[in-house]
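Okay, everyone, thanks for coming.

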Amino acid sequence: MNRDELMNLARKAHRVPIGADLVLHEHADAAQIRLDGPRLGAVTVDAARRYATPLAIPIMDLTREKEALLELLNISNPGEEYHFAELPGAENIAHFEKSLAGSRLTRSLQANVDAVAHVAAQPDLIPTGMCIGPFSLLTKLLNDPITPVFLSGTESTVEDQPEIRLLETLLGLTTRLVCRVIEQQIDAGARVIVLAEPAANKVFFSPAQMQAGSDAFDRYVIGPNQKVRKLLKDANVELFFHCCGELIDPMLKAFTTLDPAILSLGSSRVLWNDARLVPDSTILYGNLPSKQFYSDSLVSAEDVTRRSHELAGRMKEAKHPFILGSECDVLSVPGCECTIKAKVAAMLVE
């Protein structure tokens, strides 16, 4: 798509939350809707209409890809907390290869694809896909991903550390799965892909190691995501890159090498300061503290109004393309729905 279409939204001081989850949970059968592509797409459309935006951003469900990876590897009854203790066997890899080449991956991922197709039938909306990033998916597959990442930042190698070999093998699988998931969403009509890498942060990567010259962040985050970026560029699809984790400036600068059309950051970042690190060709998005919207004691509607005005004003002063939004997806919390929706309403008032 033409990036100018997104830039025009920024020029118009656009405001939009990642809030489809709130709409989804207005339905008593939300769990069933997640597996029903057309109904899931209708939720995305409803959210876009409600928030008065052409950006039809789907729910940010980052659990489906792990489920799919385990299914494609033919791992029986893995359980929600399954982690790899050793390399997948040859038979598992063969099953993965065969399944990955198929036109349909898993039921839940197919629902996402069908939802994109439903949105793409709406001529006034920008159909948007959603996928977890390769590294964040990797962290869900290991009981302790921090240790091998740290070891790889020393002089350790795959030859002397089996933990690193396991990490790098699994990262190769997650990268290929992510690319396949995105390909299918593009084929369904997605013109923008939200790629969520919340684990690409200073919890998993040592700032001290990075400052000392470690290239682990480049190898494990940027490298795999460059493959995704090439896929998007070849398809003329824009990247909406999301990371709500705590970052150091070199991490942020590394993200900009992916040339995202939109860069979404968490509330720990000061966006008007980050504007100096981000090219004007990338829209900064965010970063109201939406993870706290459920509690008036943590953040009130008045706080949201004040912070929205401050963010909009400071970003205008910084003269950087900006869309006001949530720091992450705004999740529905049982018993707090009205409180959360009041905060979303407050952020949308100019």
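This is a predicted model: local features need pLDDT of at least 70, side-chain atom pairs count only at pLDDT 80 or more; totals for chains, interfaces and linings use all residues.

Residues are numbered from 1 along each chain as its sequence is written, and side-chain values use heavy atoms, with hydrogens and water left out.

Side chains of opposite charge can pair when their charged atoms come close. Here, a salt bridge means a side-chain nitrogen of Lys or Arg within 4 Å of a carboxyl oxygen of Asp or Glu. The structure has 24 of them.

Let's look at aspartate 29, which pairs with arginine 39, with 2.7 Å between the closest N and O atoms. Aspartate 29 sits in the loop between helix 2 (20–24) and helix 3 (30–33), while arginine 39 is in helix 4 (residues 37–50), 10 residues apart. Helices and strands, by the way, are DSSP runs numbered from the N terminus: H or I with at least four residues for helices, E with at least two for strands.

The scale is under 20% for buried, over 50% for exposed, and partly exposed in between, using a 1.4 Å probe and protein chains only.

Next pair: arginine 219 and glutamate 168, at 3.6 Å, N to O. Arginine 219 is in helix 12 (residues 216–234) and glutamate 168 in helix 10 (residues 162–187), so the bridge ties together parts 51 residues apart in sequence.

Then there's arginine 269 with aspartate 249, where the closest N and O atoms are 2.7 Å apart. Arginine 269 is in the loop between strand 5 (262–265) and helix 14 (271–274), and aspartate 249 is in helix 13 (residues 249–256). Arginine 269 counts as buried, at 10%, whereas aspartate 249 is partly exposed at 29%.

Last stop, threonine 128, in strand 2 (residues 126–132). This threonine 128 is buried, at 5%. Its side chain reaches the backbone oxygen of alanine 56 at 3.5 Å. Leaving aside neighbours within four places in sequence, threonine 128 has contacts (heavy atoms within 4.5 Å) including Leu55, Ile57, Pro58 and Val192.

How values were computed
A polar contact is a pair of N or O atoms within 3.5 Å; within protein, one must be able to donate a hydrogen and the other to accept it, and residues adjacent in sequence count only if both atoms are side-chain atoms.
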